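Please look over the sequence and the structure shown here, and then read the notes below, which are grouped by topic.

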2 protein chains.
Amino acid sequence: MALIVQKYGGTSVGTIERIKAVAERVKGYRDAGNQVVVVVSAMSGETNKLIGLAQEISENPSPREMDVLVSTGEQVTIALLSMALQAAGVEARSYTGAQVCILTDAAHSKARISDIDDARVRADLNEGRVVVVAGFQGVDQQGNITTLGRGGSDTTAVAMAAALKADECQIFTDVDGVYTTDPRIEPKARKLDRITFEEMLEMASLGSKVLQIRSVEFAGKYNVPLRVLSSFEEGGEGTLITLEDESVEQAKISGIAFNRDEAKLSIKGVPDQPGVAFSILGPVARANVEVDMIIQNIAQDDTTDFTFTVHRNDYKKAKEILENTARELKAREVIGDDKIVKISIVGVGMRSHAGIASTMFEALAREGINIRMISTSEIKISVVVDEKYLELGVRTLHEAFNLAEAAG
Amino acid sequence: MALIVQKYGGTSVGTIERIKAVAERVKGYRDAGNQVVVVVSAMSGETNKLIGLAQEISENPSPREMDVLVSTGEQVTIALLSMALQAAGVEARSYTGAQVCILTDAAHSKARISDIDDARVRADLNEGRVVVVAGFQGVDQQGNITTLGRGGSDTTAVAMAAALKADECQIFTDVDGVYTTDPRIEPKARKLDRITFEEMLEMASLGSKVLQIRSVEFAGKYNVPLRVLSSFEEGGEGTLITLEDESVEQAKISGIAFNRDEAKLSIKGVPDQPGVAFSILGPVARANVEVDMIIQNIAQDDTTDFTFTVHRNDYKKAKEILENTARELKAREVIGDDKIVKISIVGVGMRSHAGIASTMFEALAREGINIRMISTSEIKISVVVDEKYLELGVRTLHEAFNLAEAAG
């Protein structure tokens, strides 16, 4: 008998019919002899509807009251799913975040879980009940309702699995697993049976938005085996996300991630002196512009060139800031390009395999794709290329690393 | 400085515009130097919408899960009203029933309040905040969410006022007070400035459905001055419901109540022996038919006649049951009439004034209205008459007791 925590997102519980289907699926796992805890999100559209009501009242509503408001969305779902389970003959009981003491800090709308009291859930499981828990929400020390931010239901599921020492945390979503790259770009993309937490983090942050990043971090920290499955297809095995192990090790590269909406900015001829990086990036950060890749070329004469990438939406704002900085620093010029994309190869295998980078650069060169920037980490190599090369670049790399074939 | 608990029902908070209007009204009371606690219902229509969702899933959903579901309605309103107050420059904080520990028994969907922890509310009031509390809901000893049943927000408000020893509990509704009778029947009906709890109970149960009965009982028990006001008209004084006092004593009769949807059933020629009333009413009660007036005539020979009234919707069911009983008891016959109404005069004054009943009967007789049944209590006299006499009867009695003129 295994203890499984399952999470169903807003689309999976978006209608009464779908809630009934989830109940049938949960019943299947229960009837197979498992103990099941189900974490659910608000029915799709509900959270946005509630936010819309708040915005009719105030442009800047209190975060505390926003959390009181939006947390009702999941509360509706837990009640309806429990009823559906009961109607299917499964004993079930629902709990809000407050009722199972999902304790968080007081950072409304982006709270972090600090503790879960699992006593009540365990007692229900031991009496043969399925337990249905509201995702996305908790309470702070003072009993105020908090929310974990968008996608936080994944985090609730992982935290619940960690607290219960569950055998597996299953995230049901609208995809049937994690792929080597986006199948819409490379039809040969293959579903991965396994991937490591670290790889998943790199894949997620780069655009394969299957899971909320924080939930993956959490799962890695507490070593909760995490499985991504389709809520609409029965019988699939999905992708298991675990700690690095032998079978993972065999693949050099797990996948090709990419990000379409990048822009790059360079400030050239900056005096090469201590503190110059902060002089350049400080004003950008203060304007709440998130910077992704950062590259500083070696100095020539007494000046250096400094390049970074931002989200395309922030390009204009960042460029204005940088032009001010350039005047102050008496830099030579500011140039930018908002027609670029980032393509990355991700894999824990590259730690122990030499020549990965050269394979990557060679493959791109063969297709005439000019590399504009390069940035590397332990398990990832990213390149910036012209926007027009996105699809060609992804397909070229997918082929170069034989990702269409399962690792042997 | 007074401490006021205000309750706004579903219609009063039915749209964003109305919620903003309530915020402005609350601000007015607060700015006048009062401490204000606001109890709110779900936005009108929301509770029915939630019940509809549940019914799509199950014909007989678990009462525990129904309470989890429908309690979200008030939670939405407390958040929105708090935001509206804040937007109007009033510090405010919302609480669910669980958060202010509105402790109830475990009778889901019809729970009774046993205790309220007022510490948190007092702390907020002392810091100058308006406190917004979800009506209609509480928690049992195990932390399960409970609801008080339809209209329970009135009870929440009164219980909160009792716990806080508030100076007044104000119920904002869609009428501007309690009237001597229904103005749609008697245009000369007059708004009462004051009425006693007992009279209000008789008026409410007889059709002037301004307040939930249980909340009036509660207010009477804890002597919480209760005021009914219009949420749509500014500046009215409404009707104050209090313990009996001198100014109330002066009026003999406070109002004329009535109930349209009555039916009466008689079983004739029943053997006059101990236990016969139970033999007749037991099966009716077991079928969940509520019985209102009960009359047993004195025995003639060895038999007696037994008459009672029920809601018109229950007439057929009750008649069938009674016909079975008649066969078992070898009674002579069962007769019934579902075209009757009940008209009552209500007033604590009748305790100390003789001749009220004869004034009533004389007035009706003068108009040729035949009385079919009579039933009396300490502060009420009810008669059953043919349906067609409802309006004439009400107007006749309103005139006979000079109710159009304020008591001098």
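Axes are lines fitted to C-alpha atoms, for helices over the stretch in contact, and angles run from 0 to 180 degrees between N-to-C directions. This is a predicted model, in which local features need pLDDT of at least 70 and side-chain atom pairs count only at pLDDT 80 or more, whereas totals for chains, interfaces and linings use all residues. Residues are numbered from 1 along each chain as its sequence is written, with chains lettered from A and ligands numbered from 1 in the order in which they are written.

**A helix pair**
- Helix H9 (residues 276-286) and helix H10 (residues 315-329) of chain A pack at an angle of about 145 degrees, their axes being 9 Å apart; helices here are DSSP runs (H or I, at least four residues), numbered from the N terminus.
- The crossing of H9(A) and H10(A) is right-handed, a term used if the near helix is turned clockwise from the far one by less than a right angle.
- From H9(A), A:Ser279, A:Ile280, A:Pro283 and A:Val284 meet A:Ala318, A:Ile321, A:Thr325 and A:Leu329 of H10(A), contact requiring C-beta atoms, placed from the backbone, to lie within 7 Å.
- This contact of H9(A) with H10(A) has 6 nonpolar, 2 polar and no charged residues, where Ala, Val, Leu, Ile, Met, Phe, Trp, Tyr, Cys and Pro count as nonpolar, Asp, Glu, Lys and Arg as charged, and the others, Gly among them, as polar.

**The two domains**
- Chain A is divided into domain 1 (3-249) and domain 2 (256-400), with bounds from an automatic or database domain assignment.
- Taken over C-alpha atoms, the centres of domain 1 and domain 2 of chain A are separated by 34 Å, and their contact takes 17 residues from domain 1 and 15 residues from domain 2.
- On the side of domain 1 of chain A that touches domain 2, H6(A) gives the most, with 4 residues.

Terms used
Contact = placed C-beta atoms within 7 Å. Helix = DSSP H or I, 4+ residues; strand = E, 2+ residues; numbered from the N terminus.
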